[in-house]
Amino acid sequence: MLKPFHCRNLIFIFPIIFFVILLSWTWGRLGQSVDLDCKERKIIYKTDESLKTSTSLINNEEKDLLVLVWVWPFGEPFPLDTCQNVYGIPGCKLTANRSLYNIADAVVMHHVDIMYDEKSLPQQPRPHYQRWVWFNMEPPLIIKNLHFLDNLFNMTMTFRQDSDVYRPYGRVEALREPSNFIIPAKSKLVSWVVSKWYPGVRRNVYYEELKKYIPIDVYGKKHMKLSWDDFYQTISQYKFYLAFENSIYKDYITEKLWSNAYDSWAVPIVLGTSRKNYERFLPGDAFIHVDDFPSAKDLASYLLELDKDNKRYLKYFLWRSQYRVVRETGWDNHYCKACRVLRQAPYYQVIPSVEKWFLEDI
(Lines give C-alpha, C1' and ligand atoms only; values in the text may rest on other atoms or scores of the structure.)
Protein backbone atom coordinates (compact mmCIF):
# COMPACT_ATOMS: atom_id res chain seq x y z
CA MET A 1 0.00 0.00 0.00
CA LEU A 2 1.42 3.38 -1.12
CA LYS A 3 2.15 5.85 1.52
CA PRO A 4 0.56 9.28 1.16
CA PHE A 5 2.86 11.95 -0.27
CA HIS A 6 3.54 14.77 2.15
CA CYS A 7 4.33 18.33 0.93
CA ARG A 8 7.16 18.54 3.33
CA ASN A 9 9.05 16.11 1.08
CA LEU A 10 9.29 18.84 -1.59
CA ILE A 11 11.74 20.64 0.64
CA PHE A 12 14.29 17.97 -0.26
CA ILE A 13 13.29 17.34 -3.94
CA PHE A 14 13.30 20.95 -5.28
CA PRO A 15 16.96 21.66 -4.44
CA ILE A 16 18.00 18.45 -6.19
CA ILE A 17 15.99 19.28 -9.36
CA PHE A 18 17.32 22.84 -9.39
CA PHE A 19 20.91 21.59 -9.05
CA VAL A 20 20.49 19.13 -11.96
CA ILE A 21 18.99 21.85 -14.25
CA LEU A 22 21.74 24.32 -13.33
CA LEU A 23 24.44 21.73 -13.96
CA SER A 24 22.98 20.81 -17.38
CA TRP A 25 22.74 24.46 -18.46
CA THR A 26 26.28 25.24 -17.31
CA TRP A 27 27.71 22.22 -19.11
CA GLY A 28 25.88 23.14 -22.31
CA ARG A 29 27.20 26.70 -22.25
CA LEU A 30 30.70 25.48 -21.48
CA GLY A 31 30.59 23.01 -24.39
CA GLN A 32 29.28 25.72 -26.73
CA SER A 33 32.00 28.07 -25.55
CA VAL A 34 34.68 25.47 -26.12
CA ASP A 35 33.20 24.72 -29.56
CA LEU A 36 33.10 28.35 -30.54
CA ASP A 37 36.62 28.89 -29.25
CA CYS A 38 37.90 25.98 -31.33
CA LYS A 39 36.07 27.18 -34.42
CA GLU A 40 37.34 30.70 -33.93
CA ARG A 41 40.86 29.40 -33.53
CA LYS A 42 40.54 27.40 -36.72
CA ILE A 43 39.19 30.39 -38.58
CA ILE A 44 41.95 32.61 -37.27
CA TYR A 45 44.57 29.99 -38.11
CA LYS A 46 43.27 29.57 -41.65
CA THR A 47 43.02 33.29 -42.12
CA ASP A 48 46.61 33.74 -40.97
CA GLU A 49 47.87 31.04 -43.32
CA SER A 50 45.97 32.36 -46.32
CA LEU A 51 47.08 35.88 -45.52
CA LYS A 52 50.68 34.71 -45.30
CA THR A 53 50.35 32.85 -48.62
CA SER A 54 48.59 35.73 -50.32
CA THR A 55 51.17 38.20 -49.09
CA SER A 56 53.93 35.94 -50.33
CA LEU A 57 52.32 35.66 -53.75
CA ILE A 58 51.72 39.39 -53.94
CA ASN A 59 55.30 40.12 -52.97
CA ASN A 60 56.58 37.56 -55.48
CA GLU A 61 54.47 39.02 -58.27
CA GLU A 62 55.09 42.65 -57.48
CA LYS A 63 58.79 42.53 -56.73
CA ASP A 64 60.91 43.13 -59.82
CA LEU A 65 63.84 40.78 -60.17
CA LEU A 66 67.09 42.60 -60.93
CA VAL A 67 69.32 40.58 -63.27
CA LEU A 68 72.88 41.76 -63.85
CA VAL A 69 74.38 41.18 -67.29
CA TRP A 70 77.93 40.64 -66.10
CA VAL A 71 79.51 40.99 -69.53
CA TRP A 72 78.07 41.69 -72.97
CA PRO A 73 78.05 38.40 -74.93
CA PHE A 74 80.89 38.55 -77.45
CA GLY A 75 81.06 42.26 -76.66
CA GLU A 76 77.67 42.89 -78.27
CA PRO A 77 75.42 45.29 -76.30
CA PHE A 78 71.67 44.73 -76.50
CA PRO A 79 68.56 46.58 -75.23
CA LEU A 80 67.82 46.03 -71.54
CA ASP A 81 64.20 47.21 -71.45
CA THR A 82 62.48 44.58 -73.58
CA CYS A 83 61.36 41.89 -71.10
CA GLN A 84 57.88 43.31 -70.59
CA ASN A 85 57.44 45.35 -73.77
CA VAL A 86 58.74 42.83 -76.32
CA TYR A 87 58.56 39.40 -74.67
CA GLY A 88 55.67 39.92 -72.26
CA ILE A 89 57.72 38.87 -69.23
CA PRO A 90 56.74 41.02 -66.22
CA GLY A 91 58.74 41.70 -63.09
CA CYS A 92 62.16 41.52 -64.73
CA LYS A 93 64.73 44.27 -64.90
CA LEU A 94 68.05 43.84 -66.69
CA THR A 95 71.10 45.94 -65.99
CA ALA A 96 74.72 45.98 -67.11
CA ASN A 97 75.74 48.31 -64.28
CA ARG A 98 78.22 46.38 -62.12
CA SER A 99 77.88 48.89 -59.30
CA LEU A 100 74.49 47.23 -58.64
CA TYR A 101 76.14 43.87 -58.02
CA ASN A 102 75.40 43.84 -54.29
CA ILE A 103 71.66 44.31 -54.79
CA ALA A 104 71.21 42.17 -57.93
CA ASP A 105 69.01 39.09 -57.48
CA ALA A 106 70.96 37.21 -60.14
CA VAL A 107 74.09 37.53 -62.25
CA VAL A 108 74.22 35.94 -65.71
CA MET A 109 77.72 35.22 -67.05
CA HIS A 110 78.44 34.29 -70.67
CA HIS A 111 81.18 31.68 -70.50
CA VAL A 112 83.13 32.51 -73.65
CA ASP A 113 83.75 35.99 -72.24
CA ILE A 114 85.01 34.83 -68.84
CA MET A 115 86.74 31.54 -69.64
CA TYR A 116 90.31 32.78 -70.05
CA ASP A 117 90.72 34.45 -66.67
CA GLU A 118 89.31 33.38 -63.32
CA LYS A 119 89.51 37.00 -62.19
CA SER A 120 86.92 37.92 -64.80
CA LEU A 121 84.34 36.42 -62.42
CA PRO A 122 82.94 38.72 -59.72
CA GLN A 123 85.57 39.14 -57.01
CA GLN A 124 83.29 40.54 -54.33
CA PRO A 125 81.55 38.18 -51.89
CA ARG A 126 78.23 37.01 -53.25
CA PRO A 127 75.11 38.05 -51.33
CA HIS A 128 73.48 34.92 -49.92
CA TYR A 129 70.24 35.49 -51.86
CA GLN A 130 71.96 36.10 -55.20
CA ARG A 131 72.04 33.41 -57.89
CA TRP A 132 74.69 32.99 -60.57
CA VAL A 133 73.63 31.68 -63.98
CA TRP A 134 76.11 29.97 -66.30
CA PHE A 135 75.24 30.95 -69.87
CA ASN A 136 76.81 28.97 -72.70
CA MET A 137 75.77 28.22 -76.27
CA GLU A 138 79.02 26.59 -77.41
CA PRO A 139 80.04 22.90 -77.48
CA PRO A 140 82.94 21.41 -75.46
CA LEU A 141 85.20 21.80 -78.49
CA ILE A 142 85.24 25.57 -77.99
CA ILE A 143 84.85 26.30 -74.29
CA LYS A 144 87.71 26.13 -71.78
CA ASN A 145 88.47 26.26 -68.05
CA LEU A 146 85.19 24.93 -66.70
CA HIS A 147 86.96 24.14 -63.43
CA PHE A 148 86.79 27.89 -62.66
CA LEU A 149 83.09 27.37 -61.93
CA ASP A 150 83.16 24.72 -59.19
CA ASN A 151 80.60 25.37 -56.43
CA LEU A 152 79.95 28.89 -57.68
CA PHE A 153 76.96 28.67 -59.99
CA ASN A 154 73.36 27.96 -59.12
CA MET A 155 71.78 27.53 -62.55
CA THR A 156 72.68 26.63 -66.13
CA MET A 157 71.40 28.27 -69.32
CA THR A 158 72.41 26.34 -72.46
CA PHE A 159 71.09 24.63 -75.60
CA ARG A 160 70.80 21.38 -73.64
CA GLN A 161 67.25 20.48 -72.81
CA ASP A 162 68.18 19.46 -69.26
CA SER A 163 69.49 22.95 -68.46
CA ASP A 164 67.72 25.00 -65.82
CA VAL A 165 67.05 27.56 -68.54
CA TYR A 166 66.67 25.79 -71.88
CA ARG A 167 67.67 28.02 -74.80
CA PRO A 168 67.68 26.09 -78.10
CA TYR A 169 68.92 27.62 -81.33
CA GLY A 170 65.51 26.93 -82.82
CA ARG A 171 62.39 24.82 -82.48
CA VAL A 172 59.47 23.46 -84.48
CA GLU A 173 55.99 24.65 -83.60
CA ALA A 174 52.76 22.94 -84.70
CA LEU A 175 50.37 25.01 -86.80
CA ARG A 176 46.71 25.12 -85.77
CA GLU A 177 45.63 24.59 -89.38
CA PRO A 178 47.42 23.13 -92.41
CA SER A 179 49.26 25.77 -94.44
CA ASN A 180 50.29 26.03 -98.06
CA PHE A 181 53.88 26.89 -98.96
CA ILE A 182 55.93 27.75 -102.00
CA ILE A 183 59.39 26.30 -102.57
CA PRO A 184 61.86 28.66 -104.28
CA ALA A 185 63.10 27.59 -107.70
CA LYS A 186 66.12 25.30 -107.51
CA SER A 187 68.89 25.37 -110.11
CA LYS A 188 71.88 24.05 -108.11
CA LEU A 189 72.60 20.95 -106.07
CA VAL A 190 74.60 21.17 -102.79
CA SER A 191 76.01 24.12 -100.85
CA TRP A 192 77.87 24.63 -97.60
CA VAL A 193 78.76 27.80 -95.72
CA VAL A 194 81.66 27.41 -93.30
CA SER A 195 84.01 29.92 -91.72
CA LYS A 196 86.04 27.93 -89.20
CA TRP A 197 87.98 24.79 -90.01
CA TYR A 198 88.69 22.93 -86.79
CA PRO A 199 91.45 20.40 -87.45
CA GLY A 200 90.47 16.76 -87.13
CA VAL A 201 86.72 17.25 -86.65
CA ARG A 202 84.40 14.78 -88.36
CA ARG A 203 82.67 17.28 -90.64
CA ASN A 204 85.93 18.16 -92.42
CA VAL A 205 86.79 14.52 -93.02
CA TYR A 206 83.28 13.73 -94.26
CA TYR A 207 83.22 16.71 -96.60
CA GLU A 208 86.55 15.71 -98.16
CA GLU A 209 85.12 12.28 -98.90
CA LEU A 210 81.70 13.47 -100.07
CA LYS A 211 83.04 15.96 -102.62
CA LYS A 212 84.69 13.08 -104.50
CA TYR A 213 81.26 11.89 -105.62
CA ILE A 214 79.11 15.01 -105.88
CA PRO A 215 79.81 18.71 -106.61
CA ILE A 216 79.59 20.97 -103.53
CA ASP A 217 79.72 24.77 -103.62
CA VAL A 218 81.48 26.02 -100.48
CA TYR A 219 81.13 29.60 -99.24
CA GLY A 220 83.00 31.34 -96.44
CA LYS A 221 86.55 32.00 -95.36
CA LYS A 222 89.08 30.77 -97.97
CA HIS A 223 86.18 29.85 -100.26
CA MET A 224 83.60 31.72 -102.33
CA LYS A 225 82.58 35.02 -100.77
CA LEU A 226 79.02 35.48 -99.60
CA SER A 227 77.61 38.53 -97.82
CA TRP A 228 74.77 38.33 -95.32
CA ASP A 229 72.67 40.49 -97.62
CA ASP A 230 72.88 37.83 -100.33
CA PHE A 231 72.94 34.78 -98.06
CA TYR A 232 69.38 33.44 -98.28
CA GLN A 233 68.84 34.44 -101.88
CA THR A 234 71.98 32.54 -102.84
CA ILE A 235 71.50 29.40 -100.71
CA SER A 236 67.82 29.08 -101.67
CA GLN A 237 68.94 28.18 -105.20
CA TYR A 238 70.35 24.89 -103.88
CA LYS A 239 68.36 21.71 -103.31
CA PHE A 240 70.52 20.58 -100.39
CA TYR A 241 72.53 22.27 -97.67
CA LEU A 242 75.26 20.70 -95.53
CA ALA A 243 74.18 21.50 -91.98
CA PHE A 244 77.37 20.03 -90.55
CA GLU A 245 78.03 20.78 -86.88
CA ASN A 246 81.57 21.25 -85.60
CA SER A 247 80.79 18.93 -82.68
CA ILE A 248 78.85 15.75 -82.06
CA TYR A 249 77.19 16.59 -78.77
CA LYS A 250 73.86 16.12 -77.00
CA ASP A 251 71.15 18.57 -78.24
CA TYR A 252 73.73 20.63 -80.13
CA ILE A 253 71.69 21.58 -83.21
CA THR A 254 72.56 25.10 -84.29
CA GLU A 255 71.65 27.84 -86.75
CA LYS A 256 73.32 25.75 -89.45
CA LEU A 257 70.05 23.84 -89.60
CA TRP A 258 67.46 26.21 -88.11
CA SER A 259 68.49 29.27 -90.09
CA ASN A 260 70.95 28.48 -92.87
CA ALA A 261 69.02 25.50 -94.25
CA TYR A 262 65.39 26.07 -93.26
CA ASP A 263 65.27 29.81 -93.91
CA SER A 264 66.79 29.11 -97.32
CA TRP A 265 64.31 26.30 -98.10
CA ALA A 266 67.11 23.83 -98.75
CA VAL A 267 66.84 20.26 -97.51
CA PRO A 268 69.40 19.95 -94.69
CA ILE A 269 71.92 17.14 -94.69
CA VAL A 270 72.90 16.93 -91.03
CA LEU A 271 76.08 15.73 -89.39
CA GLY A 272 76.20 16.01 -85.63
CA THR A 273 74.37 14.25 -82.85
CA SER A 274 72.40 11.06 -83.58
CA ARG A 275 69.24 10.87 -85.68
CA LYS A 276 67.40 9.85 -82.52
CA ASN A 277 68.52 13.07 -80.86
CA TYR A 278 67.49 15.16 -83.88
CA GLU A 279 64.07 13.52 -83.93
CA ARG A 280 63.40 14.72 -80.40
CA PHE A 281 63.11 18.21 -81.89
CA LEU A 282 62.25 17.66 -85.57
CA PRO A 283 60.00 15.50 -87.76
CA GLY A 284 62.03 12.57 -89.09
CA ASP A 285 61.37 13.53 -92.73
CA ALA A 286 62.55 17.13 -92.26
CA PHE A 287 66.22 16.27 -92.84
CA ILE A 288 68.68 13.73 -94.21
CA HIS A 289 71.21 12.33 -91.73
CA VAL A 290 74.65 11.20 -92.90
CA ASP A 291 74.41 8.23 -90.52
CA ASP A 292 71.52 6.85 -92.60
CA PHE A 293 74.09 5.78 -95.20
CA PRO A 294 76.99 3.32 -95.00
CA SER A 295 79.35 5.77 -96.66
CA ALA A 296 79.67 9.24 -98.15
CA LYS A 297 79.52 7.62 -101.57
CA ASP A 298 76.11 6.11 -100.78
CA LEU A 299 74.84 9.47 -99.57
CA ALA A 300 76.04 11.13 -102.78
CA SER A 301 74.23 8.51 -104.87
CA TYR A 302 71.02 9.11 -102.94
CA LEU A 303 71.21 12.89 -103.45
CA LEU A 304 71.77 12.41 -107.19
CA GLU A 305 68.68 10.18 -107.30
CA LEU A 306 66.56 12.81 -105.54
CA ASP A 307 67.82 15.42 -107.96
CA LYS A 308 66.24 13.44 -110.79
CA ASP A 309 63.06 12.51 -108.90
CA ASN A 310 61.17 15.65 -107.98
CA LYS A 311 58.31 13.76 -106.31
CA ARG A 312 60.64 12.06 -103.84
CA TYR A 313 62.54 15.29 -103.26
CA LEU A 314 59.37 17.22 -102.40
CA LYS A 315 58.54 14.73 -99.63
CA TYR A 316 61.17 16.49 -97.51
CA PHE A 317 58.95 19.58 -97.45
CA LEU A 318 55.59 18.01 -96.56
CA TRP A 319 56.12 18.61 -92.82
CA ARG A 320 56.01 22.36 -93.49
CA SER A 321 52.26 22.21 -94.08
CA GLN A 322 51.76 21.34 -90.40
CA TYR A 323 54.73 22.93 -88.64
CA ARG A 324 56.79 26.07 -88.71
CA VAL A 325 60.32 26.84 -87.57
CA VAL A 326 60.73 29.35 -84.77
CA ARG A 327 64.03 31.01 -83.93
CA GLU A 328 64.13 33.10 -80.77
CA THR A 329 66.91 35.48 -81.67
CA GLY A 330 68.38 38.37 -79.71
CA TRP A 331 70.57 38.31 -76.61
CA ASP A 332 67.89 40.16 -74.67
CA ASN A 333 65.52 37.28 -75.38
CA HIS A 334 67.86 34.83 -73.63
CA TYR A 335 68.33 37.05 -70.58
CA CYS A 336 64.62 37.83 -70.23
CA LYS A 337 63.78 34.12 -70.42
CA ALA A 338 66.41 33.47 -67.76
CA CYS A 339 64.74 36.05 -65.54
CA ARG A 340 61.36 34.37 -65.98
CA VAL A 341 62.78 31.01 -64.90
CA LEU A 342 64.60 32.64 -61.98
CA ARG A 343 61.29 33.97 -60.69
CA GLN A 344 59.86 30.46 -60.67
CA ALA A 345 63.00 28.59 -59.57
CA PRO A 346 63.75 27.16 -56.11
CA TYR A 347 65.34 29.61 -53.73
CA TYR A 348 68.63 27.77 -53.54
CA GLN A 349 70.66 25.17 -55.38
CA VAL A 350 74.32 24.90 -56.27
CA ILE A 351 76.14 23.05 -59.04
CA PRO A 352 79.23 21.39 -57.53
CA SER A 353 80.83 20.92 -60.96
CA VAL A 354 79.54 22.52 -64.16
CA GLU A 355 82.42 20.76 -65.88
CA LYS A 356 81.24 17.32 -64.82
CA TRP A 357 77.64 18.06 -65.81
CA PHE A 358 78.53 19.54 -69.20
CA LEU A 359 81.08 16.93 -70.19
CA GLU A 360 79.28 13.88 -68.83
CA ASP A 361 77.99 12.73 -72.24
CA ILE A 362 81.23 13.03 -74.18
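Valine 350 sits in the loop that runs between helix H8 (331-344) and helix H9 (354-359). In this predicted model, valine 350 comes out as partly exposed, at a relative accessible area of 33%.

Stepping back to the whole protein chain, its secondary structure consists of nine helices and 13 strands. The chain has 362 residues, and 42% of them are buried. The protein chain exposes about 21,200 Å², with 57% of that coming from carbon and sulfur atoms. As for contacts with a separation of 6 or more, 75% of them are between residues 24 or more positions apart.

Helix H6 covers residues 296-308, which is 13 residues, and spans 19 Å from its first C-alpha to its last, close to the 18 Å expected at 1.5 Å a residue. The buried residues in H6 are Ala296, Leu299, Ala300, Tyr302, Leu303 and Leu306. Viewed down the axis of H6, these buried residues fall within an arc of 160°, so they line one face of the helix.

Phenylalanine 74, in the loop between strand E1 (65-69) and strand E2 (92-95), has a phi near 55°, which is positive even though the residue is something other than glycine. Its relative accessibility is 40%, so phenylalanine 74 counts as partly exposed. Tryptophan 265 is not a glycine either, yet its phi is positive, at about 60°. This tryptophan 265 belongs to the loop between helix H4 (255-261) and E11.

Then there are the charged pairs. Side chains of opposite charge can pair when their charged atoms come close. The count here comes to 20 salt bridges. In one of them, the side chains of aspartate 162 and arginine 160 meet at 2.8 Å, N to O. Arginine 160 is buried, with a relative accessible area of 0%, whereas aspartate 162 is partly exposed at 36%. Lysine 256 and glutamate 255 form another salt bridge, with 3.7 Å between the closest N and O atoms. Here lysine 256 is buried, at a relative accessible area of 14%, while glutamate 255 is partly exposed at 27%.

Aspartate 292 pairs with arginine 275 in a salt bridge whose closest N and O atoms are 2.8 Å apart. Aspartate 292 lies in the loop between E12 and H6 and arginine 275 lies in helix H5 (residues 275-278), so this pair ties together parts that are 17 residues apart in sequence. With a relative accessibility of 38%, aspartate 292 counts as partly exposed. Salt bridges also join up into a network, which links Arg167, Arg171, Glu173, Arg324, Glu328 and Lys337.

Terms used. Residues are numbered from 1 along each chain as its sequence is written. This is a predicted model: local features need pLDDT of at least 70, side-chain atom pairs count only at pLDDT 80 or more; totals for chains, interfaces and linings use all residues. Side-chain values use heavy atoms; hydrogens and water are left out. Helices (H or I, at least four residues) and strands (E, at least two) are DSSP runs, numbered from the N terminus. The expected span of a helix is 1.5 Å times one less than its number of residues. Buried means under 20% relative accessible area, exposed over 50%, partly exposed in between (1.4 Å probe, protein chains only). The arc is that of the directions from the helix axis to the C-beta atoms. Contact means heavy atoms within 4.5 Å. Accessible areas come from the Shrake-Rupley method with a 1.4 Å probe; for residues, only the protein chains shown count as cover. A salt bridge is a side-chain nitrogen of Lys or Arg within 4 Å of a carboxyl oxygen of Asp or Glu.
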